[in-house]
Amino acid sequence: MIKLRTKLALFNLLSKLVFTAVFIAVLPYIIDRINILQTDNELIGKREEVIDLISRVGIEPFINKDSIYGFGSYNILKEEFISLEKAKLESDWNFIEISKRLIDDETIDYRVLNYSFKVDGEAYLLQIGKSLLSISHTRNNIKKVILIFLLSIILITLITDLFYTRRILRPLEFIIDKLKATSTPSLFDKIPVNTTTSDFIQLDLTIRELMDKIDELFQKEKEITINISHELLTPVSVLRSRLENILLQKNLDEETALKIEESLKTLHRLKTLVNSLLLIARIESRQYLKEDTFNLAVLLGEVLIEINPIAFDAGIIIQSDYELDMLIRNANKSLIFSMIYNVINNAVRNTPPIGQIIISSRRVACRFEISVSDTGKGMTQEVMDLLFLRFKKKLDTREDSTGIGLAITKSIADFHGIVISVVSKPGKGTIFSFLFPENS
Amino acid sequence: MNVLIVEDEKSLAGEIAAFLKSENFICDLAFTGIEASEKIAVNLYDFILLDIGLPDYNGLDLISEARRNKNDVSFIIITARGEVEDKVKGLNLGADDYLAKPFALVELNSRIQAVARRKFHISTRSIILGEFLLDIQSRKLLYNNNEVELTRKEHDLLQYLVLNQNKVLTRQQLYEHIWGNILDDQYDSNFIDVHIKNVRKKLNTHAPSPWLETVRGIGYRVSNDQ
């Protein structure tokens, strides 16, 4: 997987390289063409000069009328030559060609202008040549310069591309980060992205609308749960009052009284279930405030005051091994109390006499972690997988249990961004850990 | 004492009335908000048990109405909607207490008693329990003028049983009274047994406590003939 901005930069680099390669490939041809055009123009210019000179001073200074030899002149470096000779030509010559000349045992390619003209009935041939060696030198130099120039351009644009694409794609990364940080639709960060790119604004807007829609559906579902729960509580209340009134009757025989009490117990379970569902629905629809600031150690102390008598009676020792100064902010104290109480109480229930429960704390990079470890019967992986699911599995077989306590614990933890982890070995014991978020 | 029960669920209103009558209250019933509003305007009540989830009326408006008419009757709100907001709103309007459905009738009774004590400045007499003396006001249990050290929970438990003396209280009723609703799911009948056991242990180091009875299969009772 490659990041978009890397892909864009790579594509830019590749297209530039291809362009450069093509350019470099056709460059010699272009330079040659330009050079030859340039050379031809110079040769024509020189021809005009020579013809002009002859028309002024006559042909004599260059060539004897009767001599069979012509006039020839080379410059020292053999870059150029000029020759004038009598010629018997069938037609007029006026063309430029490339031809080899052997000069001092050296064959040199020349661009040669051939021009025929007549003076006093005598035909003459003028040849002006320019060495192509000097042309190829120039070509190579130009090639080098252009190559270096293009490569530097490519390098510079690669760097600026990387920088620029990172800049323009920053809103996209921002949106991705926002999505990653969204555990439930309602928590989606509604602050719009700061960008001038309309695509990103559109993307952000569409995601926001989608989140709102999903959240609305979630809320409706929660509302239904809450409404059903309320509707259920009134008949439960009627039944309860009626049964309690019967139980208060004087002269009630013992057998009936026991049955009434049994019915009240069942009703209590029903009430507990409804209230637990209500509690979870309310937590999940965020009807609780997170405005408390408190010391977690003090809260643990309060939980232990509740549980110690029960643990002591069951022959279980609870050891406190936690830091005494753990300030928690932006939390709901009574929910956190429930969460921790549920887990410690579970540990007490699942630990046989002469067992031990250790409550400890540690800091994980500015975050508090509370662990409750017991020497109880432990759990298999199978049981652990179902641990936080509502009604999936009743962990203890007690008549009073509704099997929803840990589901409540989980929703309280999620509500606060607390991470729960469970380690357990059958027959050895269980460790529940709560990792509090950094901002708390 | 005169009590008006405002509750649209007739059978619930009937059960509450039956219970309160057995506790020597004079009860009146209103099944709708309009009926209640008329009755409150005409009659003098000491207490109004108000279900705020009435079909025709926002129950909380009845409180504001009564206060506007300079009626200082005590309201105890009953609701199936256990929302904290409702509770705060009701208490801000001047309600005296708040009960979530389904509540125990004995709990209702003890709330009424508590409001009555506050309202009429009744200083509760100390209650003699065998060789012990329970001072409700100062929350102290005395034996020969020496305090018997009880934990807060143990004291709450004993006091609740004493205030409902001669009635059998079930473990759930006791649990609810002491731990409320937040730990609903953690209800364990054993909790109450352990605390009662501890209370008895503490009492018995001083003197026997036959008045704190276990009613087999049902719960506990404080029997007191005085």
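**Helix pair.** I started with α3(A) and α4(A), which are roughly antiparallel to each other. This is a predicted model, so everything I note here is computed from it. I checked the angle behind that: the two axes, α3(A) and α4(A), cross at roughly 160° and come within 9 Å. Then I sorted the residues in the contact of α3(A) with α4(A) by class: 17 are nonpolar, 6 charged and 3 polar.

**Chain A against chain B.** Next I went to the interface, where 35 residues of chain A contact 33 residues of chain B. Which helices of chain A supply at least two residues each to the side that touches chain B? I found α3 (198-248), α4 (254-284), α5 (296-313), α6 (333-349) and α8 (405-416). The largest share of that side, 12 residues, comes from α3(A). By class, the chain A side that touches chain B has 15 polar, 12 nonpolar and 8 charged residues.

**B:Thr170.** Last, I picked out one residue of chain B. B:Thr170 sits in strand β10 (residues 169-170) of chain B. Is B:Thr170 buried or exposed? I got buried, with 25 other C-beta atoms within 10 Å; the cut-off for buried is 20 or more. Setting aside neighbours within four places in sequence, I listed the contacts of B:Thr170 as A:Glu261 and A:Leu264 from chain A, plus B:Ile218 and B:Gly219 from chain B. I also noted B:Ile192, 22 residues from B:Thr170 along the chain, with their C-alpha atoms 9.6 Å apart.

Terms used: Residues numbered from 1 in each chain as written. Chains lettered and ligands numbered in written order. Predicted model: local features only at pLDDT ≥ 70, side-chain atom pairs only at ≥ 80, totals over all residues. Contact = placed C-beta atoms within 7 Å. Helix = DSSP H or I, 4+ residues; strand = E, 2+ residues; numbered from the N terminus. Nonpolar A, V, L, I, M, F, W, Y, C, P; charged D, E, K, R; others polar. Axes fitted to C-alpha atoms, helices over the stretch in contact; angles between N-to-C directions. Parallel < 35°, antiparallel > 145°, perpendicular 65-115°, else oblique. Buried ≥ 20, exposed ≤ 12 C-beta atoms within 10 Å, placed from the backbone.
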